[in-house]
Amino acid sequence: VQSTRMAGGVAVSHPKVSATVWAACGLAGTDPVYDGWSAIGVALARRGVRLKLWVREPDLARREGFETAYAPHFVSDGEGGDPRAADPSIAAEIAALERAWYCPSPDADARVLAATGAWAERLATDRPVAIVSWGDASPTSRLLVRLAQKARIVCWRAERGPLPGTLDLSPQGQSRHVALATELAMLSGDRRALNRRFERVRAFYDRPDHKHYPEHNRDPEPADAERLLAGTGPKVLFLGAVDVGSGLRLQDLGLGDRVSAFVRGTDHASAVTIRALEKARPDAVLWHRPHPGHAVGPAVETALDVRDAQGLDLNWLIRQADVVVSAVTTSQFEAALYDVPQVLLGAGPLIGRGVGYEAFSEREAVRALKAALARRGFEAKKRAARQTIGLLFDRHLIGLRPEVPTRLGPEDAAELIGRFARFQGWTPTAPSGQ
């Protein structure tokens with residue numbers, strides 16, 4: 001049985017909807033990732049699968065390929081249901097996560113329990129065959145993951161990819177930051193083929209129109225360039241993060257939430273960088289570039305030459321820097337793409353891949369900075385970066401537009417997700433012992 005609808009004035013036939021997939025997206029409604037979800041949704045519809053996208057903007061503009069439903073960032077802000085339908089252990093975890101995000105009202109735990117019950121009721125009504133969470137750091141996304149695990153529904157973690165025009169679609173593991181391209185092929189593979197893929201990726205992103213959030217990445221004026229580049233000392237770029245969204249402030253919730261062995265926030269990472277640079281190269285210039293969502297200055301007083309780089313184009317800053325230092329940011333991939341040495345203070349997706357100079361303590365941060373500034377072993381790290389990025393674009397990331405140099409696109413994502421449409425008849429609570 002097929003249904004026919006009009007798309008752009010052309011009759012398009014789709015199979016009758018036989019299954020539902022839940023997905024979530026936590027970005028602003030103007031973000032181009034929604035065009036990618038639209039393409040995936042259209043491809044799913046051809047397979048008889050309805051895509052229901054949970055979003056944080058109740059008035060999100062309509063797009064082809066998915067229907068939207070409102071899901072606030074905090075579970076406690078959502079509609080309440082029957083608390084008896086909630087799993088108390090899941091509700092307790094979500095309440096603890098919300099306390100890590102902000103200081104909740106006294107009745108927040110009770111509202112989380114009631115809202116968790118409402119989500120369990122929605123799950124029983126829609127009976128999705130798959131769930132795609134938007135990361136798992138936000139309370140609502142974490143709840144979707146836990147509901148999927150309890151109901152034993154296949155679950156993926158989606159986030160904006162590390163470079164513009166891509167979607168990171170990873171099988172959901174126990175930890176939010178280990179899933180990115182974890183296959184054993186990362187350790188070997190066809191180096192020549194992956195190098196060719198890397199060269200295509202770098203050539204594509206050399207174009208000046210590829211920017212995440214251009215409103216926060218303005219091109220430097222001549223006066224900006226003169227101010228930042230003046231002096232003979234090496235230029236070290238510090239990149240900040242949003243503490244909770246990146247996971248830096250979730251360290252005490254569990255080992256799977258730890259994204260650094262020792263850094264506990266952007267301010268701490270800034271202080272570590274300053275103290276390490278004072279010991280490693282006191283003549284260096286530190287460019288301090290906070291995240292737009294956590295726009296703070298240097299965390300400690302210092303005699304170093306610190307220059308504000310807030311709001312300037314990240315691509316330009318990275319290419320001009322001698323070393324990049326960060327805890328958790330997708331901009332690490334741009335440093336890898338443009339052969340810039342980087343010191344990694346957190347357990348981001350590049351950790352353990354031989355790409356950066358890794359530090360797991362403040363003392364190691366000094367050694368890592370010295371090695372990065374001297375480029376010790378950097379040729380091997382460049383080769384590792386090329387292999388990593390080549391593999392990501394060849395086997396892992398979803399390109400949201402045809403021109404993005406990934407091998408996989410929306411059709412592939414829909415084929416992966418849509419195959420579970422054949423698995424019908426699950427119940428929200430699996431039988432005991434199975």
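His 216 is found in the loop between α5 (191-205) and α6 (222-229). The model is predicted. In this model His 216 is partly exposed, with a relative accessible area of 34%. That value rules out the buried class, which requires under 20%, and the exposed class, which requires over 50%.

The surroundings of His 216 include residues from elsewhere in the chain. Beyond its neighbours within four places in sequence, His 216 is in contact with Arg 289, Pro 292, Gly 311 and Leu 312. Leu 312 lies 96 residues from His 216 along the chain. Even so, the C-alpha atoms of His 216 and Leu 312 are separated by 7.1 Å.

Contacts across the whole protein were also examined. Among contacts with a separation of 6 or more, 67% join residues 24 or more positions apart. The protein has 434 residues, and 55% of these count as buried. Its accessible surface comes to about 19,100 Å². Carbon and sulfur atoms contribute 52% of that surface.

The secondary structure of the protein consists of 12 helices and 15 strands. One of the helices, α11, covers residues 378-396. At 1.5 Å a residue, its 19 residues should span 27 Å.

Definitions and conventions:
Residues numbered from 1 in each chain as written. Predicted model: local features only at pLDDT ≥ 70, side-chain atom pairs only at ≥ 80, totals over all residues. Heavy atoms only, no water. Helix = DSSP H or I, 4+ residues; strand = E, 2+ residues; numbered from the N terminus. Buried < 20%, exposed > 50% of the residue type's maximum accessible area, 1.4 Å probe, protein only. Contact = heavy atoms within 4.5 Å. Areas by Shrake-Rupley, 256 points an atom, 1.4 Å probe, with all protein chains shown as cover. Expected span 1.5 Å × (residues − 1).
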